[in-house]
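Here's a quick briefing to read with the fold open on your screen.

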Amino acid sequence: MFRYRLSAAAQSDILDILVWTHEQFGDEARKRYEALIAAALHDIAAQPDRPGSTERPELGAAVRSWHLRLSRERTRTDNGIVRHPRHFLIYRQESDLVVVGRVLHDAMELKRHLEPESLWR
């Protein structure tokens, strides 16, 4: 298993997603989405090029994406499941580290939200 690191932008994305989820759907929904994000991070750290991940050469060398829906079944609990996750991780492997640059909504225009110089910090 690889270690992973969240860029400052990815940390901010996750916080914004969880705050919005809490405000719109409540505490239980926020907890479910938080568990889903954690599972997705674990999945890409376990195998960065896992089936279902997508190469994103238009975003840079070795950049991949992983949609949260691909980790959904692993987070099913008695309190439910996230039915329609809408976010994905943008990441790349750097030696023995997976760096997550952003966590974005799947309806976003990617290039408008990705600044190559600061994406991986």
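Strand β5 is mostly covered, with eight of its nine residues buried; here buried means under 20% relative accessible area, exposed over 50% and partly exposed in between, using a 1.4 Å probe and protein chains only. This is a predicted model, where local features need pLDDT of at least 70, side-chain atom pairs count only at pLDDT 80 or more, and totals for chains, interfaces and linings use all residues. Residues are numbered from 1 along each chain as its sequence is written, and side-chain values use heavy atoms, with hydrogens and water left out.

**Overall layout**

- You'll find two helices and five strands in the chain, in the order β-α-α-β-β-β-β from the N terminus on; helices (H or I, at least four residues) and strands (E, at least two) are DSSP runs, numbered from the N terminus.
- Of the 121 residues in the chain, 42% are buried.
- The chain exposes about 7,200 Å², and carbon and sulfur atoms supply 49% of that; accessible areas come from the Shrake-Rupley method with a 1.4 Å probe, and for residues only the protein chains shown count as cover.
- Take the contacts (heavy atoms within 4.5 Å) between residues at least 6 apart in sequence: 55% of them join residues at least 24 apart.

**How the strands pair**

- β5 pairs with β1 (residues 3-6) in the parallel sense over four bridges; two strands pair if DSSP finds at least two bridges between them.
- In that pairing, Tyr 4 stands opposite Val 98 in β5.
- β4 and β5 run antiparallel, joined by eight bridges.
- Arg 92 has Val 99 in β5 as its bridge partner, and His 87 has His 105 in β5.
- The hairpin of β4 and β5 has two residues between the strands, and Ser 95 takes a positive phi near 60° there.
- β3 (residues 63-67) is antiparallel to β4, with five bridges joining them; Ser 65 has Ile 90 in β4 as its bridge partner.

**What sits in the cores**

- A nonpolar core is a set of buried Ala, Val, Leu, Ile, Met, Phe, Trp, Tyr and Cys residues joined through side-chain atoms within 4.5 Å.
- The largest nonpolar core has 18 residues, and Ile 37, Leu 89 and Val 100 touch the most other members.
- Elements giving two or more residues to this core are α1, α2 (27-46), β4 (87-94) and β5 (97-105), and α2 gives the most, with six residues.
- There's also a second, separate core of five residues, including Leu 59, Val 63, Phe 88 and Ile 90.
- Leaving out residues up to four places away in sequence, Leu 89 touches several residues, among them Ala 40, Leu 41, Ile 44, Trp 66, Val 100 and Val 103.

**A closer look at Thr 21**

- Thr 21 lies in helix α1 (residues 8-25), and it is buried, with a relative accessible area of 7%.
- A polar atom of the Thr 21 side chain lies 2.8 Å from the backbone oxygen of Ile 17.
- Setting aside neighbours within four places in sequence, Thr 21 is in contact with Gly 26, Ala 29, Arg 30 and Tyr 33.

Conventions:
A polar contact is a pair of N or O atoms within 3.5 Å; within protein, one must be able to donate a hydrogen and the other to accept it, and residues adjacent in sequence count only if both atoms are side-chain atoms.
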